[in-house]
Amino acid sequence: MQCGGKRTCFGRSTEDQDHRPASRVSEVRRLLVIGIGAGDPEHVTAQAIHALNEVDVFFVVDKGPEAEDLVALRREICERFIEDASYRIVEVPDPPRDRAAAAYVAAVDDWRARRAEVWGAALRDELADDGVGAFMVWGDPSLYDSTLDVIERILAGGHVAFEYEVIAGISSVHALTARHRIALNRVGGAVQVTTGRRLAEQGWPDGVDDVVVMLDAHCSFRHIDPEGVEIFWGAYLGTPDELLVAGSVATAGAQIERVRAQARERKGWIMDTYLLRRRAS
C-alpha cells in the first residue's frame with residue numbers, strides 16, 4: 001500500500017482523516033507505530049501515552065542478550081504509562097544482518113524482507129482480528145528507522161490485513177541539540193542529515209555548513225578536514241548512560257573515539273549521533 005495523492009489510507013479516504021485517535025470499532029487489526037523518544041521515559045508524549053493505552057499486544061524486536069536493556073526500557077514505559085495491565089508483550093526475533101556486506105543496499109533490502117516475514121507471521125498469529133498491536137520505536141519512526149518500510153512490505157505481501165497509524169516521537173537529533181543547548185540550524189542556513197557511511201565515502205555535503213551524522217559505526221568524522229569544524233556528539237541520549245562531548249574535531253575527535261570504544265565494549269551496543277558545524281568565517 002503506497003501513500004500518495006488521493007487514496008485510501010488507514011481504512012478511510014485521506015480527505016476524511018483527522019488527527020483524533022481512531023475509535024475501536026473496526027473489525028480489522030490495527031497497528032500503532034509509536035515513537036517513544038531517544039531513551040528518557042519523559043520523552044514519551046501525551047499522544048503516545050494515549051496510544052499505549054489502546055494496545056492489546058506490543059511487539060518487541062529481540063536483538064539478543066547484549067541489547068536486553070532496550071527491551072527492559074520498553075517494559076518500563078509500559079508499566080509507567082499504561083493503566084490497564086491486560087496487554088501482552090511478544091518478543092519477535094530479529095533476523096541476522098550482514099553489516100559488512102560489500103553490497104550494502106542489497107544487504108539491507110534482504111534483511112528488511114526477512115524482517116517482514118517474521119513480523120507478518122507474528123501479527124497474524126498473535127493479534128486478534130479486531131485487536132490493536134504496536135511497535136515502540138526509538139526516537140521518531142520517520143527518521144532513519146526501518147519499521148515503516150517493513151510494515152509496508154508486510155501489507156504488500158497480502159498475508160495479513162491491518163490498518164496502521166504513526167505517532168511521532170522526539171528524535172535523537174533533537175535530544176542531542178537540547179542536551180548541548182544549541183539550535184539545529186543557523187540563520188538562513190541549511191542542515192544536511194546523512195549517515196556515517198556516506199560521510200566517509202563522499203565527504204562533506206555541498207552547500208551546507210551544518211551536518212547531522214547518524215548510523216556511524218566508525219567515527220567517520222575522521223575522514224573530513226577538521227580545520228574550523230566543531231562537533232557535538234552524544235550517545236545513549238536520555239538514559240542514565242548518556243555521554244556528551246563537544247569541541248573542535250581536531251581536539252575532541254580523539255576523545256570521542258576513545259569514549260565511544262569504551263562504552264561499546266562495556267555495554268555491547270551503542271546508539272550515538274553527532275552534529276558537525278563549520279565555524280562562521
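**Before starting**

Residue numbers start from 1 along each chain as its sequence is written. Because the model is predicted, local features need pLDDT of at least 70 and side-chain atom pairs count only at pLDDT 80 or more, while totals for chains, interfaces and linings use all residues; side-chain values use heavy atoms, with hydrogens and water left out.

**Whole protein**

Colour by secondary structure: there are 7 helices and 12 strands. Helices (H or I, at least four residues) and strands (E, at least two) are DSSP runs, numbered from the N terminus. Of the 281 residues, 45% are buried. Buried means under 20% relative accessible area, exposed over 50%, and partly exposed in between, with a 1.4 Å probe and protein chains only. Among contacts (heavy atoms within 4.5 Å) between residues at least 6 apart in sequence, 71% join residues at least 24 apart.

**Helix α2**

Select residues 68-81. This is α2, with 14 residues. From first C-alpha to last it reaches 20 Å, close to the 20 Å expected at 1.5 Å a residue; the expected span is 1.5 Å times one less than the number of residues.

Now show the side chains of L70, V71, L73, R74, I77, C78 and F81, the buried residues of α2. They lie on the same side of α2 because they cover an arc of only 160° around the axis, the arc being that of the directions from the helix axis to the C-beta atoms. An α-helix has 3.6 residues a turn, so residues three or four places apart point the same way. The cover over the buried residues of α2 includes α1 (46-52), β4 (57-62), β5 (88-93) and β6 (132-137). Turn to the other side of α2 to find E68 and E79, which are exposed.

**Salt bridges**

Stay on α2 and select R75 with E91. Their side chains form a salt bridge (3.1 Å, N to O), where a salt bridge is a side-chain nitrogen of Lys or Arg within 4 Å of a carboxyl oxygen of Asp or Glu. R75 is in helix α2 and E91 in strand β5, 16 residues apart. Both ends are partly exposed: R75 has a relative accessible area of 34%, and E91 one of 37%. Next, select D109, R112, D149 and R153, which salt bridges with shared partners join into one network.

Then select R30, which is buried at a relative accessible area of 4%. R30 forms a salt bridge with E165, with the closest N and O atoms 3.0 Å apart. R30 lies in strand β3 and E165 in strand β7 (residues 162-167), so this pair ties together parts 135 residues apart in sequence. R30 also meets E54 in a salt bridge (3.1 Å, N to O). E54 is in the loop between α1 and β4, 24 residues from R30, and counts as buried at 12% relative accessibility. The structure holds 19 salt bridges.

**D216**

Finally, select D216, in the loop between β9 (210-214) and β10 (229-235).

A polar contact of 2.5 Å joins the side chains of D216 and Y274. A polar contact is a pair of N or O atoms within 3.5 Å; within protein, one must be able to donate a hydrogen and the other to accept it, and residues adjacent in sequence count only if both atoms are side-chain atoms. The side chain of D216 also reaches the backbone nitrogen of C219, at 3.2 Å.
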